[in-house]
Each structure stands twice: as C-alpha cells, then as structure tokens.
Amino acid sequence: MFDVTKLFPQNETRNAPTDWTGSWTKALDGNNDDYVQYGRDLGFIVQAHGKQAMETAGQNTRANLETWQQVMSTMTGTALPQQWWAYMVDGTQRAVLFADAMRERGNYFAEHEEGSNKTVLSWNHETVVDGTKLTRPVNYSLVRILPPEGVAAREDGRPYIIIDPRAGHGSGIGGFKHASEVGAAIHGGHPTYFVTFTRMPMPGQTLADVTAAEADFVREVRRRHPDAPKPVIIGNCQGGWASMLLAATNPDITGPVVANGAPLSYWAGQKGKNPMRYLGGLVGGATTVHMLGDLGNGMFDGSSLVFNFERLSPSNTWWEKYYSLWDRIDTEVPRFVGFERWWGSFYYMTTDEIAWIVENLFVGNRLGRGKANLTERTHVDLREVKSPIIIFASHGDNITPPQQALGWVADHYTGVDEIKARGQRILYTLHPSVGHLGIFVSSSVAKKEHGEIVSTLKAIEALAPGLYEMVITEERGEGVEKAFKVAFAERSIEQMMTQCGGDDSDKPFATVARFSELGVEVYDLAIRPFVRAMANQATAELMANTGPMRLQRWLTSDRNPAMQPVKELAEQVREQRQAAPDDNPFRQLERFNANLVTQWWDGVRDTQNALIEWNFHLLWGAPPVQALGERLSKTVAGAEPREDLRTLTEVQDALDRIELGEFVDGVVRMLIFLAQSRKEVRRSRLERSNQMLMSTEPFASMKPKHRTRMIHKETLIVGYEPEAAMAALPKLLRTEEERKKALEICEQIAGPADEMSRETIDMMNRLALALGQEPVIGTGDDPGSIRRIA
C-alpha cells in the first residue's frame, strides 16, 4: 500500500530546502510506475507545445522587427498623400473584386447543391461503367481519361486506376491539374482510368458494396486490356485505404497498389505533434457519427469532415486564404475559385458507411490492427495483398503523418523475414515537408515522386520480396529534361518506424475504442429510437443548410438578392482598374499587419493543439481508465504468438526445392544473391533485370504470376539456406554453356564494373567459383583499378 509519509523528507532539519517534486516522484516510482508515466506524459505535452510556441514567437518577433523597420523607412517623402489616395482607390476596387470572387465560389456551391455532378477533373473523359446499374448499385462510376492531342496510350501497357478520397469532398482532385497523378500516368503511355462518385449515395449503400463495385471496375479494365499486366491501383488519402481494401479482398485481380497519404494505422503517432488523431476521443467516438447520421435521416453530411480538416489550421481557414485572394486579386481568382469548387462541394455518406469508417479506422483502428471485417463473412487482412505496395507519406502531412501511413506494417508483421516469407514487396517513400493535399495536388510532387513511382512500377515485379525505402536523389538536367536517380534500400521495420519519427503507446486509443463500442451500444438501445422518430427529410435538409459550412456559401451566391449587383460592379471595376504598385508603402504596411493576424491565428492553432492533446491524455491516459482498453491494445496481427516462419507452407515448399530447378531458377537465384550483397537495388539494375525477364527466353514465355512465384521461392531459399543455395547452383545450371550464359546475364544486369560495390564484386566472384568458372572480375587497391579478367 502507498505510504503517504514517504512524500515527506526524513532526517532533515525543519528549515532545510525540500525537493517536493523529487520526493513525490521517488515515492511513486516503482509501486506506481503507471501514475509516474501518466504525469510525465502530461508534462511532456506541456513542454513540447510550450517549447514550440516560444521558438515560433521568438522567430516571429525578430522577423517582425526587421520588417517593421523596412516598412517605416518607406513612410517618408512628399508623395505620401498621393500614395495614400492610390491605396484607397485600389482597396475599394479590390473589395468589389473580392466580393465577386466569393460570389463565384458561392454559385459553384449552389450549382452543386442543386444537383450538378461535375467534378474538378481537368481531363476529358468518358464513362465506362455506371455504378448505379450494377447488381449492388452504388454512386460510383469508372471513367477513362482521354489522352490529349499528341499523346497515345498503349492498349497493352499497364492500366492505371486512380481512386480519389471520399472524405466530405467530391472526386477529381487527383486529376485537378495537368501536372498530376493522371498526367504522370497518361504521359507515360498508360491507359488511365478514374473512379468518380456523385453527391448522394444509393439508399442502403455500404462500404462492402463500394468495394465490390471497385472490383467490378478492375475486371472491366482487365477485360478491355487482356494483353496488359494487372492494373495499378492508386488511392489518395481515404482512397488509399479503399485501394488496400480492394486488393486485400480481391488479390487475384489487382496489380501494384499505391497509397498516397492514406491513414491505415490511425492510432500511430508522436506526442506533441499532429493532434487530429485525438479528436475521436474528445467528440464521443463512433456514437457521434451514428447520431449525426440519424439526424440526417440516414445520411451523414460530409461537411462535418471538412469542418474537422479546417479547424486544424484556423489561420488558413479564417484568414490567410482570404487575404491571399485579397492581396493578389488580379491573378489569384482562378486558383482560389478552382480549389474552392472542390473544397466546398460537400458529399454525403450513408450512416452505415461512415460508421464502418470510424469504427474500423478513425477510432477502432481495426484495419491497422488486422481485425476489420468488411461483412460478417469477409475478414480484411492486409497481409493478403499479394501485389507490391507503395506507400507515399510526408513529414509535413498533419492529417496523415508517416506513422499513420506505415504503422500497419509493424502491427501486421513480426519482422522483414515474415514479409519475405509471405512473398510481399512493400516500398515506401517519405517526403520531408509537403502537406497532405500537396501529396496528390502539388505539381512539383507530381513531376518528381509520382513520376518516379510510375517509372518504377514498370519493373517492380522484378524486385525480390522485402521492405524497401524508395530513395530519390541526384537531380540531373532542368525543366522537362530533369531526371532523378532512384534506388531501393532494404530496411527493417524498426528502421522504417524510426524514420517516421517513432510511435507512442496505443493504450489511450484502445481505451477510447472500447468506450466508443459501449457508447454505441447504449445509444442504439436507449437513444436512437427517439432520434429517428424526431428526424425526417425536412429536418435533415434544414440542419445541413443552416450549418456554418453551407450557410456562408449560400449567403455569398446569387441566390442571395444582395449579391446580384456585384457581378456588374466587378465588370466596371475591371474596365477601370487602378492597382496600387507593390512598393506602395501602405500596401507594405497592410501586408505587415496581415502577417501579424496570421501569426495570431497560428498562436490560436498552437494553443488549440496543446489543449486537444493534453485533455485527451488527461482523460484517457489515466491508468484506471486505460485498464478498460488494455485488451484492445494487445489485439494486433503482429502480437499473435510468434510462429516459426520455417513452418509456413511457402517456406517448406521452397526449401524442399533447393536442388530442383532449371536454368531460369539458377539465374534468378544468382540475381538475388547479388541484390542481397549490396543491400539496395538501383532502379537502373531493376529495369535491366525486368527487361531480361520480359524479353529473354525462356523467361519471356513464362506467365507473370509464374515469374513472381519463382522470385518468391528463390528469395526464401537464399534467405533461409544461403550456403546450400550457393552449393546447389551447379545442379540448376548443368552445362558449361548454361553457366557461362548465367554469369553473362548477371554481369549485364549488375552494370559496369566500376559502378559495383566491393560486396557485389566479391559476390560475383563467389558465384563464378561456385559454378566452377574463373573469377569474372578482378580488383586492385582502389575502385578505379577494377578490371575484367579475360
């Protein structure tokens, strides 16, 4: 039992200084470790957010003083009255043009609310499959992107299917610009398809129906391109986990999966950063969305999700994006209205859809833990995805930080050995700074990361199973000629999570999930009947239209009679526009003050983030409360009793065939030895390897799935029995001709000798000796002396 007397120092004089904090911690330490950690966590949160706030305030103060001095230095001279008048004329005209831009935004919103199903997809397209006509009808459709003039798509090229997020907004953001995911795929000569959706879901629609429809879309694409490899599935944000659902439940029809900024492990993250993951624990868990869906007469209003995104950055939401429009009103309107047309087009989900998402992702994290069920008969295990997986995340993403994009790997696999044993290829790339939307909207990201991902996918099947970081380095050239060097570095799961920034305890989130389950049960039994009895279509529409996200747009549209004269006024202003120059001192003073407002809102954001995180841990981090969620925190796929991977059927079958095989098996085994010797694979070598597999007999005549199985088998053999695998090479390559040809192929794929690492050179010589051949490469004292032995 805790002894309260331990809190007070013993054998000290009454007037001696007392370290009360140390005494308290020392008294609790050991017997009350959980409470000590609880206090430390709360203290760390205050410290982390306080330190960040102080650093930001210091930087802002120094920058503001310098800017203020520069601004004040311009407030001199006899021209100030004329400059003031020019500024006032400019400001009055900008006010009219600003109001017109807001009116245009409101009109797009009103058009959407009144039934328009236009998307922001900027590419011409044609409908291939209308999801409303499927056996299980959904509000999704498959469209094909029509190549622009001068661009041709190869019908036997690997098709691309892009799935956009359905997170309150409409579809099309993945093809919002010319330099986009669509552009990267179609300019690569690939048939490109896009999954779109309309504003209202079909009655009774579920996530299982949507996944089944997307599987039908993939089958139709494969029917249209019978000679092409399986299609690549690209998913953005919420579309990322939808792509993984599709691939996990239909592994036989999908090709490589690319998940961009996809929250697959929502509990993962670091204290002191990215507070969005805490919101579920502060708004009632899944109970809230059940109630909102019932109040919406069976439909959940997506504007609630958009509102959550907006309050992450109040400075941008309430000030900065509007001031940017005001400041650059002559050039900014098309960009502002174009983006707001997507951001402000609110889409609905059925209550069943949003409840599944919250219970299995945002609050329950069941998908990331390997415990999700799409239906009562369909369990979703991400380890069932057989095609390569590429994860693109960013340290600048405050909605889906890297831990949430990649944490599921640590929860599903005990280590890289299991990834290899199951024949999986998981690649990831981490951007240092781009924000969430920038991952699939930014032109620079489209030109670099998405462009390189498209290039990589051409040869990805030649990559041996494992976990790799896709490292993009060495820019060469300028403009359209710019090129990058890409390598695939082998990583452990621990290395990957360290690169993400580490991961904190799941216990508070497991507690929230358990309370959420209990809350939903209580709501269903005691409250839901009354809510449903009060709600109808009229009350649902009233609640939606009077919400802040919609009301502000209705009021600024032409549906408001007060806005109707604005268009004509704006046309008159454009004809007589008198913009003040940028060096006008009053424009500079305005920008200085606007920046102060932005900084104030950023302070509000930092305070909000600190309060959200602190209150979450104060409530759900207390040891007695955490005890309720302890069971859930341990239920992850990777927490199951560790099995001997050698006992897996795939491993046993492979090891039984160490000495069995033909020429193709021997060559692939040798290439795997070479790849493992250097711990990374350059894309140029991967492309040469893939070219050999696709065009050189007897590899070319093999079916793709047979080549994949062969690479998997040989990876297991080399990984588990490397010495026996090396010794058995002469039994696979039986003739002198076959052995020389195999070595020649390996040399061609490895590339020039002066580009090889010492480990690769040693492995090449070991392979030659194992086959009874002379060493093929000789080395001197330095890389420059590498020479081939005749």
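Guide: Arg 223 and Glu 220 stand three residues apart in helix H5, which means that about one helical turn separates them. Helices here are DSSP runs of H or I with at least four residues, strands are runs of E with at least two, and both are numbered from the N terminus. This is a predicted model, in which local features need pLDDT of at least 70 and side-chain atom pairs count only at pLDDT 80 or more, while totals for chains, interfaces and linings use all residues. Residues are numbered from 1 along each chain as its sequence is written, and side-chain values use heavy atoms, without hydrogens and water.

Visitor: What makes the pairing of Arg 223 and Glu 220 a salt bridge?

Guide: The term requires a side-chain nitrogen of Lys or Arg within 4 Å of a carboxyl oxygen of Asp or Glu. The N to O distance between the side chains of Arg 223 and Glu 220 is 2.7 Å, so the pair qualifies. Side chains of opposite charge can pair when their charged atoms come close. The structure holds 47 salt bridges.

Visitor: Which parts of the chain does the pair of Glu 469 and Arg 491 link?

Guide: These two side chains meet in a salt bridge at 2.9 Å, N to O. The pair joins distant parts of the chain, 22 residues apart: Glu 469 belongs to strand S13 (residues 466-476), and Arg 491 to the loop between strand S14 (483-490) and helix H18 (493-500). With 12% relative accessibility Glu 469 is buried, while Arg 491 has 24% and is partly exposed.

Visitor: Which residues are linked in a network of salt bridges?

Guide: The members are Asp 90, Arg 94, Asp 327, Asp 330, Arg 577, Asp 582, Arg 587, Glu 590 and Arg 591.

Visitor: Why is helix H11 said to be largely enclosed?

Guide: Eight of the eleven residues of H11 (residues 333-343) are buried, so the rest of the structure largely encloses this helix. Among them are Phe 336, Phe 339, Trp 342 and Trp 343. The buried residues of H11 pack against helices H3 (80-113), H9 (303-310), H10 (314-327) and H21 (548-555).

Visitor: What makes Trp 84, Trp 85 and Met 88 a nonpolar surface patch?

Guide: Patch residues have over 30% relative accessible area and no salt bridge; like charges are joined within 9 Å, and nonpolar side chains (Val, Leu, Ile, Met, Phe, Trp, Tyr) within 5 Å. Trp 84, Trp 85 and Met 88 make a nonpolar patch of about 370 Å². Trp 85, found in helix H3, has 62% relative accessible area and is exposed, so its value clears the patch threshold.

Visitor: Which residues form the positive patch?

Guide: Arg 222, Lys 230, Lys 703, Lys 705 and Arg 709 form it. Lys and Arg count as positive and Asp and Glu as negative, while His and the chain ends are not counted; a charge is placed at NZ of Lys, CZ of Arg, CG of Asp or CD of Glu. Lys 230, in the loop between helix H5 (207-224) and strand S5 (232-236), is partly exposed at 31%.

Visitor: What does Arg 528 contact beyond its sequence neighbours?

Guide: Contact means heavy atoms within 4.5 Å. Leaving aside neighbours within four places in sequence, Arg 528 is in contact with His 290, Asp 294, Thr 351 and Tyr 523. Arg 528 lies in helix H19 (residues 507-534) and, at 13% relative accessibility, counts as buried.

Methods. Areas by Shrake-Rupley, 256 points an atom, 1.4 Å probe, with all protein chains shown as cover. Buried < 20%, exposed > 50% of the residue type's maximum accessible area, 1.4 Å probe, protein only.
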